Amino acid sequence: MKLLVLGLGQCGSNIADAFARINRRARGQRGIEIITGAYAVNTDLADLSGLHNIKADYRHRILIGGRKAGGHGVGKINELAAEIAREDADKIIDAIRQTPKFFESDAFLLCAGAAGGTGSGSISIMSHFIKERYIDKPLYNLIVLPFEHEERTEERTIYNSATCLKSANSIADAIFLVDNQRYIRKNATLRTNLTQINALIVEPFYNILCAGEEKKSKYVGTRLLDAGDIIQTLLGWTVIGYGRSPLPVFKLPFRSSDGFRDKSGEIHRGIEAMDAAVSELSFACDPVDSARALYLLSAPTKEMNLTVIKELGEYLKSLAPDAIIRNGDYPREKSHLDVSVILSELRNVEKIKKYYAEAANVVSSVKKRQKEIEGKLKEIDEYSKDVPSLL
Ligand SMILES: Nc1nc2c(ncn2[C@@H]2O[C@H](COP(=O)(O)OP(=O)(O)OP(=O)(O)O)[C@@H](O)[C@H]2O)c(=O)[nH]1
Ligand SMILES: [Mg+2]
């Protein structure tokens, strides 16, 4: 499957940059393309120049709101970013339209951080304009939710996240939810290393996108996972993850005749990798709530057999009993067995409900505070009424 990726704001642009990087890897290691074009859009000029993999020209690194934001961002005011996106939408669409392989794109993927200003405010507006223009292509969002410490210290964080999620959900065909906090559970130093977090965010897409683009028959699975399977799986709130299980470096010779032990070892490794994928999903959710799911087993051909694929399917069915499950196998990896999982059409996402509820409180407390401020300002004016003005 080939995606056209558009990053909005700093977080979104950095993630689009990470997608451009895995495309380079796919081209270098596998001779295939999985990204037709990667673009970064920002109101902040300095952030655009800090990217590494997105082409360094004004068509790929697009500055918007030059007059309103002066090239310095919108300082977390996502309403202003929405207004700017509406005004500059044509500039962005003109740029992506000129992608040489534009018509090879199977879908659009727009990425942004929910808590900032530019990405948070512009992702739904741009999704709307692109969808209106290219009605036949699916359009997905990837939205990054803030770290806990950001939620505690800044009221706008919750408000922006809630407004961004609500607006995106009314436009995009599916939304990949990514929780920054999940990536620092095991390694707190990651909080300061966003590049590393971004690499972890895009990694589960690698095999899923590559599998259907393979040209060499020896790398084409018996059950090929293609763009059609992925598009059929993606709907509404969605999470993604992958898990890896290392393969033994040497297989003892007596083992090859011991088919049963070989097979049970492979099943064990497969389940272990799927367990890791499900517990390391991009966002905390209960798989029981998903109505659609997909898994891809990538491993060397000799590690792949129908029993493992079947066992993995049964295991996922036990976790997500109501889901329609699609699957594929991809005989590619060398030293490990890799399982990628997507859970989609999630019917219950606690954290989103929490954002919505808290944002409503923020709105009423902001209104109350605004009233208090206005009252105090009026009071100062009252005191000044007998003082002559120079104007
Ligand atoms: N995973 C990840 N999160 C990021 C990255 N950059 C920023 N964030 C998160 O995104 C949110 C802030 O959004 P930004 O993308 O910086 O804001 P912006 O869209 O540029 O908007 P303004 O700067 O206000 O104009 C915070 O929750 C950050 O933790 C990144 O490269 N990777
Ligand atoms: Mg910014």
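View 1. Helices here are DSSP runs of H or I with at least four residues, strands are runs of E with at least two, and both are numbered from the N terminus. The shell holds 23 residues, and Cys11, Thr118, Gly119, Asn180 and Asn198 come nearest; a residue is near a molecule or strand if one of its heavy atoms lies within 4 Å of it. Sorted by class, the shell has nine nonpolar, twelve polar and two charged residues. Ala, Val, Leu, Ile, Met, Phe, Trp, Tyr, Cys and Pro count as nonpolar, Asp, Glu, Lys and Arg as charged, and the others, Gly among them, as polar.

A word on how to read these views: residues are numbered from 1 along each chain as its sequence is written, while chains are lettered from A and ligands numbered from 1 in the order in which they are written. Because the model is predicted, local features need pLDDT of at least 70 and side-chain atom pairs count only at pLDDT 80 or more, whereas totals for chains, interfaces and linings use all residues; side-chain values use heavy atoms, with hydrogens and water left out.

View 2. Look at Thr118 to begin with: an N or O atom in the side chain of Thr118 is 2.6 Å from an oxygen atom of ligand 1. Gly119 takes part through its backbone, with an N or O atom 2.8 Å from an oxygen atom of the ligand. In the side chain of Glu150, an N or O atom also lies 2.8 Å from an oxygen atom of ligand 1. On its own, ligand 1 has 640 Å² of accessible area, and the protein covers 90% of that; such areas come from the Shrake-Rupley method with a 1.4 Å probe, and for residues only the protein chains shown count as cover.

**View 3. The loop between β8 and α12.** Glu303 sits in the loop that links β8 (290-298) to α12 (306-319). Its relative accessibility is 2%, so Glu303 counts as buried; buried means under 20% relative accessible area, exposed over 50%, and partly exposed in between (1.4 Å probe, protein chains only). The side chain of Glu303 makes a polar contact with the side chain of Arg269 at 3.4 Å. A polar contact is a pair of N or O atoms within 3.5 Å; within protein, one must be able to donate a hydrogen and the other to accept it, and residues adjacent in sequence count only if both atoms are side-chain atoms.

Asn305 is found in the loop between β8 and α12 too, and is buried because its relative accessibility is 17%. The side chain of Asn305 reaches the backbone nitrogen of Thr307 at 2.9 Å and that of Val308 at 3.0 Å.

**View 4. Two residues with positive phi.** Most residues other than glycine have a negative phi. Lys76, in the loop between α3 (66-69) and α4 (78-97), has a positive phi near 70 degrees. With a relative accessible area of 39%, Lys76 is partly exposed. Glu345 belongs to strand β10 (residues 336-346), and its phi is positive as well, near 50 degrees. Glu345 counts as partly exposed, at 28% relative accessibility.

View 5. Asn23 and Ala38 are 15 residues apart in sequence and 9.5 Å apart in space, C-alpha to C-alpha.
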